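Visitor: I would like to learn how to read a model like this one, feature by feature. Could you walk me through it?

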Amino acid sequence: MSSRNEAYLHARVSIMMRRLLSPAQIETMLTQAAAESAEIAGSARLQGLLAQVSELNAYAPQPFALEQRIVSSVLDDCEILARPLSGLERDFLIHWVHRLELSNLKAILRGKLAGRSMQDIRADLLDAGSFTTLPLEQLLRTEDFSELLRLLADTSFADIARQARAAFETERDLFAVDATVDRRYFNGLRERALRIEARQGPLFRELIHSIINRVNLVWLLRYRFVYMLPPAQTFYLLIPSTSRLNTERLAALARLESFDDVLAALPQPLQAQMAGLNNTFEVTQHLEHGTYQAAHKVLQSAPHALARAFAYLVMREYDLRKVRAVAKSRQLQLGPEVVRYTLALAPEHTH
Amino acid sequence: MLQPTPMQLTTLYVLREDAPRAALALAQTSAFEPVVSEVAADLLPELPGEIFRERFHSASNRLEKILELCNIDFSAFAIPAAQAVSEQELVQMDSWLGETWGALSHHQENLRHWEEESKHYQALLKSLDAFAKLDIDLALLRRGGRFLDLRVGSLNTADVNQLASALHLAGYVLQVYHEEAGQSHCLIAGPKGHEADILRLLNSAGWHTLEVPQEFSGLPEPVRAQLHTGLNNAQVSHAQASKLLEQALEKYRTPLVEAAYLMQRAAPHAELAQQLRAQGGLAVVNGWVPGDRIAALHEALAQAIANRYLMTQRAPSAEEIPQVPSLTRQARWMRPFTALVKNYGVPRYNEIDPTPLFALSFVAMFGMMFGDIGQGALIVLAGLLVPRLAFARPLLIAAGLSSMLFGWLYGSVFGFEALVHPLWLAPLTDPMRMLTAALYWGMGFILLATLLTIYNRLVQGELAAALFSAKGVAGILLYFAALHAAYRLGTGQGLGLIATFMLLAPLSALVWHLWLTHPGPLTERLLVVAVETFETALNYIANTLSFLRVAAFSMNHVALAVAVFALAEMMGSTGHWITVVLGNAFILVLEGAIVAIQVLRLEYYEGFSRFYSGDGRAFRPLALLAPGDSKL
């Protein structure tokens, strides 16, 4: 990236990071009246998001428009941040938001397997705007699962089509396909990060490791002790890693027979952080908080613009999830303590 | 010719059951573009065509996929009578198309299966030698050992390492014996007892088990023969599946043609259904109709549904003008020029359609910049004789003729300046005269463009902008006053009182208009007015100087020819003529293309950007599309 583009991106990130919400702002949104919340949402460029939800009936189904607003917000930010980028750096940043499109692929695969109508499936798809690469309309127009897989085999998702066919023909179970889509995505992220991390510095590497470690540990716990998968299959579905939670360590963890054994066998400082946690949900919360902290560190201290842009996107997504949780709590008239628990917002975090 | 056709907003009332026939009649006239109903939704709450529309989409989707498989020449079939399609007929057709697609999809799935089988056998054949390197009894691959679970298969090469590590956890080993096209062919082996878990793991990895033939033991040659037999069988099955698909397509060919025509006739109703509203037995739709087609519409409706309709029409109101579609009608030979104009944009409803002026000025400027009798004649011949350029034939002929005309004025034939005496002058003999002529042409062009802007503003009711804006009367007066002042100063006559007044009067009007149209704090207003006034003056100067390229390219053409002849002089007699021919070809293709681009640039930037908004909406009436193209 040229120094001009680097400066542009730094400036853009610095402007955008003002939109990030502080824990105190989240707490205000949780506890104060709608006017204060709306003001904070406005400062985060999320005007109307809360109002949109508060108008809904408490028992209404999950507002899809809200999801679309959140996705659009992330895509808009990414579009601006990717403008000065090219080559590997651009590829990395675009790949990060590409995940949103994969949810569309999963929705189509599931919908077609369940025999849902084209209109019903379409209603569940998110608009990924200019980041769309899937031939969505063609995929939707297929009449059955076999036709869908034939079509998918002609796209860049041919490997997924192959696995989906194997899963479909043997067990008619899409778990393996979902897991493959996710694994393929995070593997791609790791590989792309590897190509640029030498230039982006150690803080960026730490952030990527934090993301991959979180994914691996949560998946490992879930596959082994919730889905009861055997060690070998669990290990296969994880992302190869070179961090402290590396491939060899993951293989050893996959062999263990209980949740507590896995937490006890984690390398430091993860082991200390996970001590006393009782379930996968709490582990997820703590690891996500760790990723947020790592991203915050990159945003504040990293000298490289791309690393900061990526950290901003990571934090922005977390923020949007928090706002969504606040909005939903209003819709369902839940107390703030439920949201605090869900988002791991300990009271001390708010001060 | 210079303005889009006047439109009428019509309201059509029909009986609900007549809607399909009315839609077909409207489509046959190609004169009705449905729009969102004016009538309040609570008065006409029903959407009578919704089911029809949904079934049409479903059927259309299926038909499109089927037609992609079979290449049907519709011209070989008789066109059926244009009868409206009922909802029941459409539902039946949708069901039939669904069944047909199901049958064809089954054949396709078979094809895919045998194609994969063929690939597997080919891979096995290729890897037979590699199997031998495994140094095991090949029969084991088929039946496994008493305590040993052995499997042969393939997976993505990228996943091999991860799978090998995962299998290691289960006490298995993996060995790759062949790699091809991103796929690794592997042998895995491990202790029996956990086959179900291993199978799930392999499924997660997208493992494709390779069936090892019964005879896959013993000497390689019989094995190879067996594999060849398997491959042949797969290929024969593939050919049979292909033939079955062909036969099925052949069987469905005639019904598919009927289906395509039925869908063609159903499409107008499905499209109309978007805007059709109803209450009880009455259905209503609004639409734009060219004023001169109202009678044709009445005639078509009367023929289709007798007198069971009511159609009222009125001119669009001032508020509706921005929504009115533009229908521009130009002669057939103007099509290439129309395409270039539409490339910039569609004229607004009450805006001047610049196509005729564009065609005229484009052709003239091309000739001015590329004047050569011989090369112009070649362009004409290319337009007449090259089938692939048929779409641009009128443009090529006109541009070629213009090039010939100016070639005659410049006295140039394939760059030779001695063959024909110039009617006017050879460009390089008097460059100043050429540049002056180009400047005058530019001034005329800008004047015409500004006059068109003034006209457009007036018809859009923007009187103040027409009179006082930079692209209005004040702007053009300022432009000519500045030219006049420059001429006086250049010829040593001094500015004089009249010239000063001529400059200051339009300038004051311009500044006053800018002042009024930019409200804001005083400093900001002052700044905006100063900058915009300066920009106006600068733009006019830059736009005028831009036209110097007309002269520059005419001279450039001669200069290139001189260069070609200079090169040719250095050759022998054969080389001389080869150089002349190749040089002319080079000039014709390269310079011809550059000149065409430069002319387009002048048209778009100096012309269109001045007077043509191009943000109108083209008139898209209900129409009968070609069969097989009925997708909305």
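Visitor: Where is confidence lowest and where is it highest in chain A?

Guide: Start here, since this is a predicted model. Chain A has a mean pLDDT of 81, with 86% of its residues at 70 or more. Within chain A, the lowest confidence falls in helix H4 (residues 49-54), with a mean of 53, while helix H12 (residues 202-225) has the highest, at 91. Two stretches of chain A call for care. Residues 56-61 of chain A have pLDDT below 50, and the model gives this stretch five contacts beyond near neighbours in sequence. Residues 346-351 of chain A are also below 50, again with five contacts beyond near neighbours in sequence.

Visitor: Now the helices. At what angle do H1(A) and H18(A) pack?

Guide: Helix H1 (residues 3-16) and helix H18 (residues 305-331) of chain A pack at about 25°, and their axes are 9 Å apart. Angles under 35 degrees count as roughly parallel, so H1(A) and H18(A) are roughly parallel to each other. Their crossing is left-handed. On the H1(A) side the contact uses Glu6(A), Leu9(A), His10(A), Val13(A) and Met16(A), and on the H18(A) side Ala305(A), Leu306(A), Arg308(A), Ala309(A) and Tyr312(A). Sorted by class, this contact of H1(A) with H18(A) holds seven nonpolar, one polar and two charged residues.

Visitor: And how are H6(A) and H11(A) arranged, roughly parallel or roughly antiparallel?

Guide: Helix H6 (residues 87-113) of chain A packs with H11(A) at an angle of about 175°, their axes 9 Å apart. H6(A) is therefore roughly antiparallel to H11(A). Among the residues that meet are Phe92(A), Trp96(A) and Leu102(A) in H6(A), and Val181(A), Tyr185(A) and Leu189(A) in H11(A). The contact of H6(A) with H11(A) divides into twelve nonpolar, two polar and seven charged residues.

Visitor: What angle do H10(B) and H18(B) make?

Guide: In chain B, helix H10 (residues 355-369) and helix H18 (residues 548-569) pack at about 45°, with axes 7 Å apart. That angle makes H10(B) oblique to H18(B). Met365(B), Met368(B) and Met369(B) of H10(B) meet Val550(B), Phe553(B) and Ser554(B) of H18(B). By class, the contact of H10(B) with H18(B) has five nonpolar, one polar and no charged residues.

Visitor: Let us turn to sheets. What is the order of the strands in the open sheet of four strands?

Guide: As a general idea, strands of a sheet pair through backbone hydrogen bonds, either parallel or antiparallel. In chain B, the order of this open sheet is E4-E5-E3-E6, with antiparallel pairing. E4 (173-180) and E6 (208-209) of chain B are the edge strands, each with a single partner, so one side of each lacks a neighbour in the sheet. E4(B) is joined to E5 (residues 183-191) of chain B by seven bridges, and Glu179(B) stands opposite Ser184(B) in E5(B). Helix H5 (residues 160-169) of chain B packs on the sheet and touches E3 (148-156), E4 and E5 of chain B; the direction of H5 makes about 160° with that of E4(B).

Visitor: Which strands does E1(B) pair with?

Guide: Strand E1 (residues 7-15) of chain B runs antiparallel to E8 (residues 282-290) of chain B, with nine bridges joining them. Thr10(B) has Gly287(B) as its bridge partner in E8(B). E1(B) also pairs in the antiparallel sense with E9 (residues 309-314) of chain B, over six bridges. There, Thr11(B) is partnered by Thr312(B).

Visitor: How many residues of chain A are in contact with chain B?

Guide: 25 residues of chain A are in contact with 22 residues of chain B. Helices H9, H10, H11, H13 and H14 of chain A each supply at least two residues of the side that touches chain B. H10(A) gives the largest share of that side, six residues. By class, the side of chain A that touches chain B has 13 nonpolar, five polar and seven charged residues.

Visitor: Which peptide bond is cis, and which residue has a positive phi although it is not a glycine?

Guide: The bond from Gln268(A) to Pro269(A) is cis, with omega near 5°. Pro269(A) lies in the loop between helix H15 (259-264) and helix H16 (270-274) of chain A. The positive phi, about 55°, belongs to Met228(A), which is not a glycine. Met228(A) is found in the loop between H12 and H13 of chain A.

Technical notes: Residues numbered from 1 in each chain as written. Chains lettered and ligands numbered in written order. Predicted model: local features only at pLDDT ≥ 70, side-chain atom pairs only at ≥ 80, totals over all residues. Axes fitted to C-alpha atoms, helices over the stretch in contact; angles between N-to-C directions. Parallel < 35°, antiparallel > 145°, perpendicular 65-115°, else oblique. Left-handed = near helix turned anticlockwise from the far one by under 90°. Contact = placed C-beta atoms within 7 Å. Nonpolar A, V, L, I, M, F, W, Y, C, P; charged D, E, K, R; others polar. Pairing = 2+ DSSP bridges. pLDDT = per-residue confidence, 0-100.
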